[in-house]
Amino acid sequence: MSVLTRDEAQTRAELLDVHRYTIELDLTSGDDTFGSRTAIRFSARADGDTFVEVKPAELRSVTLDGQPLDPEALDGNRLPLKNLTAGEHELRVHAHMRYSRTGEGMHRFTDPTDGATYVYTQLFLDDVQRVFAAFDQPDLKAVFELSVKAPEDWTVLANGITEHTGNGLWQAAPTPLISTYLVAVAAGPWHSVRTEHRGLPFGIHCRRSLAPYLDTDADELFEITRQCYDRYHEKFDEPYPFDSYDQAFVPEFNAGAMENPGLVTFRDEFVYRSAVTDTERQTRAMVIAHEMAHMWFGDLVTLKWWDDIWLNESFAEYMGYQTLTEATRFTDTWTDFGVARKSWGYDADQRPSTHPVAPEAVDDTASALLNFDGISYAKGASALRQLVAWLGEKDFLAGINTHFARHKFANATLADFIDNLASATERDVHAWADAWLRTTGVDTLTPRVAPGEHGTCALTVDRAGSRPHRIAAGLYDRDLGDDGGHLVLRERLHLDLPQSAPHPIGKRPALLLLNDGDLTYAKVRFDPESFETVRKDLSGLPEPLTRAVVWNALRDAVRDGELAPAAYLETARAHLPLETDLAIVQGVLAFASTHIADRYVTPEERPAALATLSELCRDLIRRTEDGDNPGLRLIAVRHRIDVAAHPDTIAAWLADGTVPGGPELDPELRWRVLARLAVLGATDETAIAAELDRDPSATGQEGAARCRAALPDPEAKARAWEAMFASDELSNYLFTATAAGFWQPEQADLVREYVPRYYADAVAVADRRGPAIAGAVGRDAFPAHAVDTDNLRLGEECLRDADPVPALRRKLIDQLDDLSRALRVQGSRTDQEPQNT
């Protein structure tokens, strides 16, 4: 299949205006394919040649202005349109299209709980071609008019309000001008809950088997939706631009959600079957806020080409967190952003695959797909947060509203956006954009405290990097009125970097924290006295966002080889039992287990690391025995299961169906325990099959696949490998679940023979099954546990010699860089402390 290049898109946009798509889909023609008829009305500005994209199972017929074209002319995904004359045209395409099992195009899913079947589209970035013929690029917007034939007991959802006209036929209201990748359909026997807000229909939808769980949370989901909707109307001059707002929770969805106008699709793990923490509810609320922001950033005003994906994602990310903080009960979302999202950006920005937030040249759609990463989301949102701190929210919003007014229902570029911002301020926004959006890498800020006269000090901030920063520096003193351990904020200094002169700070504080409040995107270091305070008194800092900045600094120091992994674990052991913020507890435990225990310590040191984490989790469980903090207890129980080195305790929990003192083991915890028991060789196929009988849901199927792949048995490993790499039967979710079970640090000897096999088999399956599976192969099936030079060498040889597809190549580049970093960290065996250097 040919990918679309930027030059080709520009040439086609200069030739064509696309007016309207009339699309008829027939979802009643079998389990493997569906019917697709498309009429495209467009005009050519001049005589010329072009092409339309389509990826059919069978191309039945094509006519242009009533004259037949040869279906055999289809070359890959391109059907040539030759000798167009200037003026109006109509192209009609009749095809049979394949359903997907990988979350791309029209995904088809049969619920194992009740046998009901559902289909939905995911047409991003160029997968519309799997559903209907299209001039598939974001700047050829058109009106889409869609009709769908479905089984009689199905409901059909689409971008516009749908009406059942009889005999299984559904008609969707025509859309305003939108891009091809934003068209959406979701069809099946949905369970729906509907309401209305400000005269606009709102709906939430899920599989019938999830109905009780959706109903339980319906009030919360609608409340968040209403609150965000109202807040965006306070911020934006342009009203919500579509005729309804449906949110469909769909199975086996590859992303968190997708911003289809009027029909946002979410992964249906957000319909909670098991207990979750309030931070997880906050994450779901943030995704709702993020996707609603896209109705303006991305849907109303759309990027012209994929080099400006940050105009979609960075803004939705920033607006999602900020609006949630302003409008809902989740008032501390930036702490979760700092812990859970910002580290994603920092890690991505230090790899060889890094790119600017706004790259100057994204040559084709395959390259563009690789940039939906921590830089376009987390770094871009961090840059916007810094921009607001520098520019002021009033001018920022004024520039945004000018942008909407000038480009609504059209397309825009970075240059357009910066010009619109510049119209609202006297500040040099163009220079800011060059420094922040056109550069790569993470600046590092290090404090230097110099003594002055009469016991006073002055602060100088050394900046490794080139960006300007507006930051707060927090000065914290020990509270002498108690028995120690508490820190009191004396002052927050507001600094512009680079500094013109040292800043007087009076008496030396116990802790000097740069980027207090987390308003910029930079790594921070500590001076020696401040680091000593951190080790002793971190949990005594009064605000969770401040503590998050400190924990991130410690995380960065470990990754950079400046702080021993054991020192991080000791700090966590000392201070995490006193932590009150769930996002921080979850983030620290996740880093400590998946990075430190699994990769940054040697195999000989791993048992001690697991023991430390197990003791820490026991402390948290004991602390929550009174039932006052069920979320904290749930986090502690989950991680206690994951780091168990011996099966007895967690096996007893599973047998009893409960943790002593609670919680009872719901399906998520039962599968989590069984997966760990499988790793430890303390369960078998009989127990897995019994658990699947108990929970035959889709989630149960995934749990069973993970457990079976985790069994320390050569035959089990061989079956799992065959399923992942030799067969194409696994759906995207079952592939990921199998991969999650396969590689285990405890089983390194058992799976050693598969490490060299991985690279050839990964290249083959990625080429055969497409970008979604290619991404899963590189992300989830990579042998990350094998932190050794042989694995690194094999990966480098694969990149050099095997020509993996772009999606896999990018994942391998990132994985091998992380592997190199882990080797460096393992090789650093001194008790480092961050220093002023």
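Analyst: Contact here means heavy atoms within 4.5 Å. This is a predicted model, in which local features need pLDDT of at least 70, side-chain atom pairs count only at pLDDT 80 or more, and totals for chains, interfaces and linings use all residues. Residues are numbered from 1 along each chain as its sequence is written, and side-chain values use heavy atoms, with hydrogens and water left out.

User: Which residues is S727 in contact with, leaving aside its neighbours within four places in sequence?
Analyst: With those neighbours set aside, S727 touches E722, R768 and R769.

User: And where does S727 lie?
Analyst: S727 is in the loop between α21 (714–726) and α22 (732–742). Helices (H or I, at least four residues) and strands (E, at least two) are DSSP runs, numbered from the N terminus. A polar atom of the S727 side chain lies 3.1 Å from the backbone nitrogen of E729.

User: How do the axes of α21 and α23 cross?
Analyst: They come within 9 Å and cross at roughly 30°. Axes are lines fitted to C-alpha atoms, for helices over the stretch in contact, and angles run from 0 to 180 degrees between N-to-C directions. The helices α21 and α23 are therefore roughly parallel to each other. Angles under 35 degrees count as roughly parallel, over 145 as roughly antiparallel, 65 to 115 as roughly perpendicular and the rest as oblique.

User: What about α23 and α26, at what angle do they pack?
Analyst: Helix α23 (residues 754–769) packs against helix α26 (residues 806–827) at about 150°, with the axes 11 Å apart. The two are therefore roughly antiparallel.

User: Which residues meet there?
Analyst: From α23, Y758, Y759, A762, V763 and A766 meet L808, L812 and L816 of α26.

User: Changing topic, which residues of α19 are buried?
Analyst: In α19 (residues 685–694), the buried residues are I688, E691 and L692. Seen down the helix axis, they fall within an arc of 100°, so they line one face of α19; the arc is that of the directions from the helix axis to the C-beta atoms. Buried means under 20% relative accessible area, exposed over 50%, and partly exposed in between (1.4 Å probe, protein chains only).

User: What covers those buried residues?
Analyst: The cover includes α18 (667–679) and α20 (698–710). On the face turned away from the buried side, α19 carries the exposed residues T686, D693 and R694.

Note on methods: Polar contact = N/O pair within 3.5 Å; in protein donor to acceptor, adjacent residues only side chain to side chain.
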